[in-house]
Amino acid sequence: MTPSQRLTQLGMNLPEVSKPVGSYVPALVAGRLVMTSGQIPILAGKLTHTGKVGDTVTLEQGQEAAKVCVLNALAAAGAAVGGVDNISRIIRVCVYVACAPAFTDQPKVANAASDLLAELFGESGKHVRSAVGVASLPLDVPVELELVAATGD
């Protein structure tokens, strides 16, 4: 089953690629690699979550935001390579979590994105990852995510 078929099976769709709000592109292809800029939890031009995890945002809300971020990253990467089904492997994910100073469950927030990638791509969705706590993120979002993937066999 292809990643797009799995998305359909899960009742999910890739969102439209958000227009950059700065001097960057959403995704860039270099050889067989496609890398995304940081993706935030935004759908249809509106932020889905704001605030800091462990303060005004619960762990579960942070996980929801991470899923939105990874879908945005897949949309950007897919647009750069002619569709998400042209992505053959997820290589690296970096998840930034804006959080309260005492919050230490950044990996649990990131797991929501990692688990979704594994569900969509199977073994090829398993990747290396960083989960980093930060003081703040653009537009007061709780999560930002970057993705590196490969195309071809």
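User: In β7, which residue is the bridge partner of Leu33?

Analyst: Two strands are said to pair if DSSP finds at least two bridges between them, and the strands themselves (E, at least two residues), like the helices (H or I, at least four residues), are DSSP runs numbered from the N terminus. Here the bridge partner of Leu33 in β7 is Ala150, and β2 pairs with β7 (residues 143-151) in the antiparallel sense over three bridges. This is a predicted model, in which local features need pLDDT of at least 70 and side-chain atom pairs count only at pLDDT 80 or more, while totals for chains, interfaces and linings use all residues. Residues are numbered from 1 along each chain as its sequence is written, and side-chain values use heavy atoms, with hydrogens and water left out.

User: What is the order of the strands in the open sheet?

Analyst: The five strands follow the order β1-β2-β7-β5-β6, with mixed pairing. Because β1 (27-30) and β6 (128-134) at the edges each have a single partner strand, one side of each is left without a neighbour in the sheet.

User: Is Gln39 buried or exposed?

Analyst: Buried means under 20% relative accessible area, exposed over 50%, and partly exposed in between, with a 1.4 Å probe and protein chains only. Gln39 has 8% relative accessibility and therefore counts as buried, although Gln39 lies in the loop between β2 (33-36) and β3 (42-43).

User: Which residues does Gln39 touch, not counting those up to four places away in sequence?

Analyst: Contact means heavy atoms within 4.5 Å, and on that basis Gln39 touches residues including Pro26, Cys69, Asn72, Val143 and Leu145.
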